[in-house]
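Visitor: I am new here. Could you take me through some of the terms with this structure in view?

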Amino acid sequence: MAPTILHLRHEEKPLEHRSALTPTTAKALIDAGYTVNVERSPARIFDDEEFSTVGCTLVPTGSWREAPADHIIVGLKELPEEEFPLKHVHVQFAHCYKDQAGWETVLARFPRGGGTLLDLEFLQDPATGRRVAAFGYSAGFSGSALALKNWAWQQTHPAGEKLPGVESYPNEAALISDIKSDLEAARAKAGHLPRVIVIGALGRCGRGAVDMCLKAGIPDEQILKWDMAETAKGGPFKEIHESDIFVNCIYLSSKIPHFVNLESLKQPGRKLTVVCDVSADTTNPNNPVPIYTIATTFKEPTVPVEGLEGAPLSVISIDHLPSLLPRESSEAFSKDLLPHLLKLNDWQNDPVWAGAKKLFDSKVATLPKEALN
């Protein structure tokens, strides 16, 4: 039997440095009999030679488009906005299953070309219902870091200048050191460290956000750790209004009351000046933080909330926060995903991948007819 061929594509999203496969997991796949083709990538945190050294075949950037139809295309973030039908099986995050803006156009490319989407966001263990691999912890950790950085910037730049662009860090220690330095400068100006509220604190993402705060030196008593029990009564919540920083870490699966909105922010006594919406459900009609309308980027990390009096309030809504720590987040994610990657040679009969295919089929069935033309 011919080996199953996996094709790791170059990520074309700006400032995306992560990788679904690492040299370590690629070697494990090769040792198990897979062929792994890796597109050359100037953006990926791992050098091309790290992959070729373990036995991967380096192929041209963007060559997945012309790869034979039986190759499985592996990536992370969404594909570029192009119109041609997709013929391959794609393993990636597509962000088109929760009524995001333009979801029909994104999803319809697969059935139009006879392709299949196995969306990494919805890979679940059928026995537990839990995701088998996620960037949640890294997203919360990085989002919390940028929220602290933004708050510190506000204290040392009271004229209202926006936080400048940021670059990825080589490791966690470098990030923590930088944030600690920012906070010390801010405390010298403001006379205090921020009070932070994290909603979704018991999940992977929330644990990451809380851990970043603690490692940066925020006292535990200044971190409000909220989860479903605290939000059950329904918002908006004055505790957000009274905090300096709000980090939203929930996984949104249905409509819920707003945590905060423009009306609640206009109430007197607002301390809140930074929101990091790690969930980044920017275009989701059920977003419980409906105070912004655009996704931000590492080049422009914040967007101001308009129409408020008092201190400026800015939102961070970057949808690939783990790329702030690309090597460590990629290693952790790919390690968790590896047991399932090893079953891609018979994915139709594996419960996890078959579950993803069943979900894909159900979403395709909801497409309007005009999207398939």
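Visitor: What makes Thr24 and Asp31 of H1 exposed?

Guide: Thr24 and Asp31 are called exposed because each has over 50% relative accessible area, while buried means under 20% and partly exposed lies in between (1.4 Å probe, protein chains only). This is a predicted model, where local features need pLDDT of at least 70, side-chain atom pairs count only at pLDDT 80 or more, and totals for chains, interfaces and linings use all residues. Residues are numbered from 1 along each chain as its sequence is written, and side-chain values use heavy atoms, leaving out hydrogens and water.

Visitor: Which residues of H1 are buried?

Guide: In helix H1 (residues 23-31), they are Pro23, Thr25, Ala26 and Leu29.

Visitor: Why do you say that the buried residues line one face of the helix?

Guide: Seen down the axis of H1, they fall within an arc of 165°, so they share one face. The arc is taken from the directions from the helix axis to the C-beta atoms.

Visitor: What do the buried residues of H1 pack against?

Guide: Their partners are strand S1 (5-8), strand S2 (35-39), helix H2 (48-53) and helix H10 (326-341). Contact here means heavy atoms within 4.5 Å.

Visitor: Why are S11 and strand S12 said to pair?

Guide: Two strands pair if DSSP finds at least two bridges between them. S11 and S12 (residues 314-316) have 2 bridges, in the antiparallel sense, so they meet that definition. In S12, Val315 is the bridge partner of Val303.

How values were computed. Helices (H or I, at least four residues) and strands (E, at least two) are DSSP runs, numbered from the N terminus.
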